Structure formats: structure tokens, C-alpha cells
Amino acid sequence: MRFEGLLAILLAPCVGSFLGVVIDRLPAGRPLLLGRSSCDHCGRTLGPRELIPIVSYLAQRGRCGCGEVRLSWFYPTIELAALAVALSAASVLSGWLLWASLGLGWTLLALAAIDFRHYLLPDVLTLPLIPAGLAVAYALDPALLQEHALGAVIGFGAFAVIGWAYRRLRGRHGLGLGDAKLLAAAGAWLGWPALPGVVVIAAGLALALALAGALAGAKLAWTGKLAFGPHLALAFWLVWLFGPVVVG
């Protein structure tokens, strides 16, 4: 593994710690860079030794420094997930493309977590991925730009039409425009031929999770909410790293 890969892996938990702040504060409209981190339970401001990604959680055995409450698993989970993004990217990419891909992967991680918690894919995170994907495509090969721009249009249009048709037929929301914008971003990064594979993988992941929940005793309901963003984000990431799945 090259130096930039090792550096990315070392930085990943710190990035994950910041992503945790984004995931926690952005949906609530709270400032991301202002305000000290504090315990969710006792309100005590956390000291420097309590803010070391992953290490602090393990050293404190998952408990607040006051010793009264257990800390949430949320932050160490996001930090480990950010590390997994770096490990997977560094295993197949290098140079400037590695750093561009890390920006993509960490943004997808934040989007997946926010959608899982709030059924929301914020435009401030989703929309910049579209021009970023087109810029990366152009940097790789200017001849790819048309295919990737078409991918963004097709990605958004396909899910927007499906969402509109679902509302007309069922009288309630199914796919939201957030999912359409995320698929547009996938088209911008991957090109339109990769989109069917992304959708198939995402649908397969969602179905597998639903079946696993059913086997564990959870009740399945046609009217229940399902955050599709996490599945779409993971499928997007896997296809970006390992190539498209041929459908048909």
C-alpha cells in the first residue's frame, strides 16, 4: 500500500468523528463548527482525552467520564465506518483518485446515516456530488463527460418518474426526490450504463435486510417506511470501487 493510502487510513477515524457531528447536527439545523462536544446525558463538556476517535470510547469502556451513563455507540460506529471506507478505497485506488473517492465515500456514509435516522437526504450533501462526479469523469477522460452527464439526467429522471407514478397510484410518497438526486450523483460518477446495476444491488440489499428482519420476528408492512438511501449509497460505493454489474 502506498503512502497516501496509509495516510488516508490514519486520518479516517478523525474524519469519521467530524462526520458524526455532521450527521447529528445537520438535520437539526445546528451549526457544525461552533460549540464544544458534550455528553448527551449529563451535558458535561468533553475534554481532549475524551475526543480521540475510537480510542477514547475503548479506554472509557463505553462510559461517560462522570461514570454515570453509558456513551452512545453512534460515534465509534461512524468512526469505524469511515475507516472501512478508507480501507476499501486504499485497497484499489491511489493518487488523486483515491482522495476524490474518499470524498465520495465519506459523503455517502454521512448521507446513509442521516437517511437511516431521519428519512432525509440533505441537498447540501447530495447535490455537490453531481458536479464532482462530472469533474472526475472529465479528469479521467474528457470523452466520458457526455456519458456521465447523461447518467445524471437519467438517474434523476428515472427515480423522479417512479416516485411520481407511485404517488398517483398509491396516494402517498414512495421514492423521494432525495433518492432521485442520489441516483443522479451515481450517474455522474459511474455513467448511465452502470445505473441498472446500482439499482439492482440497492434493491437486493433492501430486500435482504427486510427478509432478515422478518426472520428475526419483525413485522413487515406495505405501509411501513423504508430508508432506501443507505442501500443506494452502499451500492453506489461498491460499483464505484469494483465496477458495474451487468444487468440483462
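Please keep in mind that the model is predicted: local features need pLDDT of at least 70, side-chain atom pairs count only at pLDDT 80 or more, and totals for chains, interfaces and linings use all residues. Residues are numbered from 1 along each chain as its sequence is written, and side-chain values use heavy atoms, leaving out hydrogens and water.

The protein has 10 helices and zero strands, where helices are DSSP runs of H or I with at least four residues, and strands are E runs with at least two. Of its 248 residues, 41% are buried (under 20% relative accessible area, 1.4 Å probe, protein chains only). Carbon and sulfur atoms hold 68% of the accessible surface of about 13700 Å², computed by the Shrake-Rupley method with a 1.4 Å probe.

Here are two helix pairs, with axes fitted to C-alpha atoms over the stretch in contact and angles from 0 to 180 degrees between N-to-C directions.

| Pair | Axes within | Crossing angle |
|---|---|---|
| α3 (residues 74-90) and α4 (residues 95-118) | 10 Å | roughly 145° |
| α6 (residues 129-140) and α8 (residues 177-190) | 7 Å | roughly 10° |

On the α3 side, the contact includes Phe-74, Ile-78 and Val-85, and α4 brings residues including Trp-106 and Arg-117.

Because angles under 35 degrees count as roughly parallel, α6 and α8 are roughly parallel to each other. Among the residues that meet there are Leu-129 and Gly-133 in α6 and Lys-181 and Trp-189 in α8.

Definitions and conventions: Buried < 20%, exposed > 50% of the residue type's maximum accessible area, 1.4 Å probe, protein only. Contact = heavy atoms within 4.5 Å. Parallel < 35°, antiparallel > 145°, perpendicular 65-115°, else oblique.
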